[in-house]
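Here are my notes on this one, as numbered points. Have the model open while you read.

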Amino acid sequence: MKRRCPWCEINELEIAYHDQEWGVPVRDDRRWFEFLILEGAQAGLSWDTILKKRENYRKAFACFDPKKVARLGGRERAALMKNPGIVRNRLKIASAVTNAKAFLAVQREFGTFDRYIWQFTGGRPKRNRWRSLKQVPAATPESDAMSKDLKRRGFRFVGSTICYAFMQATGMVDDHLVTCFRYREVE
């Protein structure tokens, strides 16, 4: 039997996410935008809730195309508030549009969002060696710096804790426990 990080052993959906995605370095801007939207939506909720709604988010937010999301107007946002397949929170829906515009501005400035975001870990993943979940921080100086810069650029729902979860999900930091089979695989 494979040993995994204990946080993912809730259901098959979380196990699949852990085994195939979590902690794998992202280099594609569309994936960056997807995780930015999903992590912001998760604020105050469980990741399991968001994973269960992920495909609905994909449909509701134009396959995470930031150009299309940036153009969502009042009518489209009102429709999203009635969509039971996503988190129906006015501020989170509005932040998706705001963040899409800020995301596009970062792409214009840096060429890609990928080039911008990796600067917070020096261009490569930070590999940790945690033995228990109690050791894993909720935020770090890197996530603090990321949060501060994203906010300065107009992003919302990007506090340091959300940024650290974003960093974990996208492989900027490897927080698989050393006892987890993925620890060696993600290396």
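1. First, a term: helix axes here are lines fitted to C-alpha atoms over the stretch in contact, and angles run from 0 to 180 degrees between N-to-C directions. Helices are DSSP runs (H or I, at least four residues), numbered from the N terminus.

2. A caveat: the model is predicted, so local features need pLDDT of at least 70 and side-chain atom pairs count only at pLDDT 80 or more, while totals for chains, interfaces and linings use all residues. Residues are numbered from 1 along each chain as its sequence is written, and side-chain values use heavy atoms, with hydrogens and water left out.

3. Look at α2 (residues 29–42) and α3 (residues 47–60): they pack at about 130°, with axes 10 Å apart.

4. Which residues meet? From α2, they include Phe35, Ile37 and Leu38, and from α3, Trp47, Ile50 and Tyr57 are among them (contact means heavy atoms within 4.5 Å). The contact residues split into seven nonpolar, one polar and five charged (Ala, Val, Leu, Ile, Met, Phe, Trp, Tyr, Cys and Pro are nonpolar; Asp, Glu, Lys and Arg charged; the others, Gly among them, polar).

5. Now the lining of the largest pocket. Its 16 residues have Trp7, Trp22, Trp47, Ala165 and Gln168 closest to the pocket centre (lining residues have an atom within 4 Å of a point on a 1 Å grid; a pocket is an open set of points where a 1.4 Å probe fits, with protein on both sides within 12 Å along at least five of seven lines). The largest share, three residues, comes from α9.

Technical notes: Helix = DSSP H or I, 4+ residues; strand = E, 2+ residues; numbered from the N terminus.
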